[in-house]
Amino acid sequence: MSLPTVVVVGRPNVGKSTLFNRIVGGQVAIVEDRPGVTRDRKEVEAEWLGVPFLLVDTGGWLPGGNELDEKVSRQVEAAVEQADVVLFVVDASVGLTEDDESVAHWLRHLKAPVILVANKADNDRRENERWEFLALGLGEPQAVSALHGRRAGDLLDVMLEALPEEARQPVSEIPLDDEGETLWNPNDVAPPRVAIVGRPNVGKSTLFNRLVGEDRSVVHDMAGTTRDAIDTMVDTPDGPIVFVDTAGMRRRSRIDDSAEYYSMVRALRAIDGSDIALLIIDATEGVTSQDQRLAERVDAAGCPIVVMLNKWELIDDADQRLEILAEVKRKLYFVGDSPILKISALTGKGVHKLRPVLQDAIEQYHRRVPTRDVNRVIADAQSRQPAGHGVKVMYALQGATDPPTFTLFVNRELPHTYLRYLERSIREAFEFGSTPIKLRVRKRSE
Ligand code: GDP
Ligand code: GDP
């Protein structure tokens, strides 16, 4: 069965690729603030609440070939014709334009549902400006901020509802027999991968050398998936760990701007497939906007983060220390409960604190919760706050790890807000911390 297709359209600069990245979790395409940076992919498989779909970005397309040559335009038009759902993006910070009207005019003849997305609704005021777009005759505009993620989940809920019924069935995983044991068994899974990411010069290589060098039993260097990252497997008392080092790039480029850009690209590649990311920050510089952007992307990719404030030994003023910690809380608020370690990679001070933190994070990521405990938590959550209308979860289990994935067997479709509530309940009960968890829903007749 082919995946349902969701096509993103709209005039240039409204934020289509930002939205695209937000939906696919920042793993594939890279958006830059300046024009002319090519996008490396336009089509990718994405998933929301366990429902997979193909997401297509139409780039600079305008109906009739205004932007690209006519041939490309016709191909894009054919893709839009075959879409199951169209996300038509407009810019709430600019308001309605003629180009929006011509796209809308073209879209009105489609059979597929069109969802009007008023992007750049970064705050309440902007959100209210969405009503202007009612004039397009495409129904109620959904306000989002693709950049900040505001209401992106609500948009995806609406998108899911608009997919054809048969496409909306979540894929199920084969439920594993999982009585008893809750712990990750290091012998039967690939060793966890730990990515070391950060801006140039924050101390990534110094830390990497310390982590790897201090340990006598480095097993071997493995060729990384890309030439710009080096994987090194280290035998630790907690079992083998693969460290993925993204350092080394800083010497290669002359222009600072592009160095930052490529460190971002490399970091994203390295975290793709990593179980946890060590985000290194130069404490003497505080949290810069580049640090913030990198953290946002890592977080969006679903990779748990440990924040490492490096060069801590250079900050001897107590007030300054407090100030930096407050800044981390403020500027990296979205990483939530992620551990924050103060270290000096140069002297080695504080580096030992990483071990228990890594152990915890990796254990959380690989953990399997016994079925009876999952069911107890779901039952408690349902009795505290029933879904209503006789809808209920009859049975639940953890079907997979990495990340922890729970399968809920339900009698009827659960409201998405209720799914979020259950997700929160599971997260809190089993202390998953910053580890992303997934829910899959399967309908089962009573
Ligand atoms: P596209 O040409 O439609 O793919 O647009 P892009 O995704 O490249 O975005 C164009 C510009 O708008 C970029 O500078 C983005 O950072 C910015 N942008 C995208 N989404 C938002 C948003 O939600 N809020 C704000 N303030 N800016 C955004
Ligand atoms: P990378 O580009 O992130 O890999 O950074 P490096 O590991 O090459 O470090 C950049 C510079 O910061 C080097 O001169 C290091 O000696 C220095 N450095 C790294 N960690 C520390 C630290 O904990 N304290 C101090 N004072 N300097 C450090």
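Author: What follows is a set of questions about labels and the values behind them. This is a predicted model, in which local features need pLDDT of at least 70, side-chain atom pairs count only at pLDDT 80 or more, and totals for chains, interfaces and linings use all residues. Residues are numbered from 1 along each chain as its sequence is written, chains are lettered from A and ligands numbered from 1 in the order in which they are written, and side-chain values use heavy atoms, with hydrogens and water left out.

Reader: Why is D319 called exposed?

Author: Exposed means over 50% relative accessible area, buried means under 20%, and partly exposed lies in between (1.4 Å probe, protein chains only). D319 has 55%, so it counts as exposed.

Reader: What makes D316, D317, D319 and E323 a patch of negative charge?

Author: Asp and Glu count as negative, Lys and Arg as positive, with His and the chain ends not counted. A charged patch takes residues with over 30% relative accessible area and no salt bridge, and joins like charges within 9 Å. Those four residues gather in such a patch on the surface.

Reader: How do you know that R125 and E129 form a salt bridge?

Author: The cut-off is a side-chain nitrogen of Lys or Arg within 4 Å of a carboxyl oxygen of Asp or Glu. Here N to O is 3.5 Å, so the R125 and E129 pair qualifies. The structure holds 17 salt bridges.

Reader: Which residue does R420 pair with, and where do the two sit?

Author: R420 forms a salt bridge with D157, again at 3.5 Å. This pair links distant parts of the chain, with R420 in helix α12 and D157 in helix α5, 263 residues apart. Helices here are DSSP runs (H or I, at least four residues), strands are E runs of at least two, and both are numbered from the N terminus.

Reader: What about K311 and D282?

Author: Their side chains meet in a salt bridge at 3.1 Å, N to O. K311 is in the loop between β12 and α9, while D282 is in strand β11, 29 residues away. D282 is at 3%, so it counts as buried; K311, at 23%, counts as partly exposed.

Reader: What makes helix α1 mostly covered?

Author: In α1, 8 of its 9 residues are buried, including L19, F20 and I23.

How values were computed. Patch = residues over 30% accessible without salt bridge, like charges linked within 9 Å, V, L, I, M, F, W, Y side chains within 5 Å. Areas by Shrake-Rupley, 256 points an atom, 1.4 Å probe, with all protein chains shown as cover. Charge placed at Lys NZ, Arg CZ, Asp CG, Glu CD.
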